[in-house]
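Please examine the sequence and the model below before reading on. The paragraphs that follow proceed from the strands to the core, and then to the loops and a pocket.

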Amino acid sequence: MEPLSLREFEDEARRRLAPAVYDFFAGGADDEVTVRANETAFAQIGLVPRVLRGGQAREPEVSLLGRRAAQPLLIAPTAFHRLAHPDGELATARAAAKAGLIMVVSMASTVAIEELAETGADLWFQLYIQPDLGFTEHLVRRAEAAGCAAVMVSVDSPVFGRRERDLRNGFLDLPQGMVCAHMDGRPIAFRADLSWDHIDWLRSVTALPIVLKGIVHPQDARSAVERGVDAVAVSNHGGRQLDTVPATIELLPPVADAIGGTVPLLLDGGVRRGTDVLKALALGADAVAIGRPVLWGLAVDGENGVVRVLEMLGAEFDQALALCGCRSPGDVSLDLIWRNPCSRCSS
């Protein structure tokens, strides 16, 4: 049967993927408290719709760092798409181009950025700053030459999270014949000394907009703005790094307050419905990014599966806008949000 929701896409992907591959995509760190929280937190937030505001057609487009997107949605950077489908990131990029959405290409992509650029998709490049800064600069130059519109730096990974599903499955490396297309045979290395000085260094070697992914503390958000960062993404790495970090939708409002609208604010983690997109916008985000649902669509039907996932989420968001009396993302406001004042009370 045709999946009718992103969760049904996941169910079908689970049936199609090898168990170890599904666990690699779906799993998180330690007890996976954060993985579960990212999704469940959205259900604890209600919507209070406005009515009688006219039946104008919706205009869901947004502008992010000078680029237009058909919806306030991005494709988040996720690794190793060829584990889900032989076409890998190439299929994902083609779907992004059809949908008119920005794709953030993982540094751990199994298809090179140069090939992905040929699809015509709007691309950003996700970067882990490597111990070898010369090689890191080489990666940035490749992204620039390929026409990427921004560099998204993952800043929440000084070390690798402990992912027990992968350890149990012995899933420690890519299958034979599959490689990280950007690493020239090198392993991706995290650096424990990652600091603001490295962000300053990156600014010194590229004129591309810099997006920091993994900001969850308001003070870090303030520091990012003070350092001249161009955008901030509230992210807990999908629960794959430090477990028990709260859901990103819970952490979003204080970060939004700290930034005060000075730079674009993104969110990823747990977005599974169009209403989730609207809630994130109401709480301060300019757009959201989705990761795992793209992989589920890819596993189910390649490029067409990703297109369907993006269309489904976009249609749900359009419906949520209409039902909340909004015409565009700019109309979404905090007064649409309802929280049970006793939702945090113990019984």
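**A guided reading of the model**

This is a predicted model, in which local features need pLDDT of at least 70 and side-chain atom pairs count only at pLDDT 80 or more, whereas totals for chains, interfaces and linings use all residues. Residues are numbered from 1 along each chain as its sequence is written, and side-chain values use heavy atoms, with hydrogens and water left out.

Helices (H or I, at least four residues) and strands (E, at least two) are DSSP runs, numbered from the N terminus. Two strands are said to pair if DSSP finds at least two bridges between them. Strand 6 (residues 122–127) pairs with strand 7 in the parallel sense, over 3 bridges, and Leu127 has Val153 as its bridge partner in strand 7. A residue is called buried under 20% relative accessible area, exposed over 50%, and partly exposed in between, with a 1.4 Å probe and protein chains only. In strand 7 (residues 151–154), Val151 and Val153 point one way while Met152 and Ser154 point the other way, and all are buried.

Another set of pairings involves strands 8, 9 and 10. Strand 8 (residues 210–213) and strand 9 are parallel and share 3 bridges, with Leu212 opposite Val232 of strand 9. Strand 9 also pairs with strand 10 in the parallel sense, over 3 bridges; here Val234 stands opposite Leu267 of strand 10. Both faces of strand 9 (residues 231–234) are covered, with Ala231 and Ala233 buried on one side and Val232 and Val234 buried on the other. Strand 10 (residues 265–268) is likewise covered on both faces: Leu265 and Leu267 lie on one side, Leu266 and Asp268 on the other, and all are buried.

Next comes the nonpolar core, defined as a set of buried Ala, Val, Leu, Ile, Met, Phe, Trp, Tyr and Cys residues joined through side-chain atoms within 4.5 Å. The largest such core has 104 residues, and those with the most contacts inside it are Phe25, Leu83, Leu127, Leu202, Ile249, Leu252 and Leu267. Helix 12 (residues 292–323) supplies the largest share of this core, 15 residues. A second, separate core of 17 residues includes Ala150, Met152, Val211 and Ala231. Contact means heavy atoms within 4.5 Å. Leaving aside residues up to four places away in sequence, Leu202 touches Leu127, Val140, Val151, Val153 and Ile210.

How is helix 2 placed relative to the rest of the structure? Helix 2 (residues 19–26) is largely enclosed by the rest of the structure, because 6 of its 8 residues are buried. These buried residues are Val21, Tyr22, Asp23, Phe24, Phe25 and Ala26. They pack against helix 1 (6–16), helix 3 (33–43), helix 7 and helix 12.

Ala91 belongs to helix 4 and is buried, at 0% relative accessibility. Its contacts, not counting residues up to four places away in sequence, are with Leu298, Gly302 and Glu303. The C-alpha atoms of Ala91 and Val306 are separated by 7.9 Å, although these residues are 215 residues apart along the chain. Val51 and Cys324 are 273 residues apart in sequence, with a C-alpha to C-alpha distance of 7.0 Å. Val51 lies in the loop between strand 1 (46–47) and strand 2 (62–64) and is exposed, at 60% relative accessibility.

Phe80, in the loop between strand 4 (73–75) and helix 4 (89–99), has a positive phi of about 60 degrees although it is not a glycine. Phe80 is buried, with a relative accessible area of 15%. Asp184, in the loop between helix 7 (164–169) and helix 8 (196–205), also is not a glycine and has a positive phi, near 50 degrees. Asp184 is exposed, with a relative accessible area of 53%.

Finally, the second largest pocket is lined by residues that include Val155, Asp156, Trp196, Leu212 and Asp220. A pocket is an open set of points on a 1 Å grid over the protein atoms alone, where a 1.4 Å probe fits, with protein on both sides within 12 Å along at least five of seven lines; lining residues have an atom within 4 Å of a point. About 260 Å³ of space lies in this pocket, the volume being the space filled by probe spheres set on the points, which are joined across faces, edges and corners. Its lining has 8 nonpolar, 2 polar and 2 charged residues. In this classification Ala, Val, Leu, Ile, Met, Phe, Trp, Tyr, Cys and Pro count as nonpolar, Asp, Glu, Lys and Arg as charged, and the others, Gly among them, as polar.
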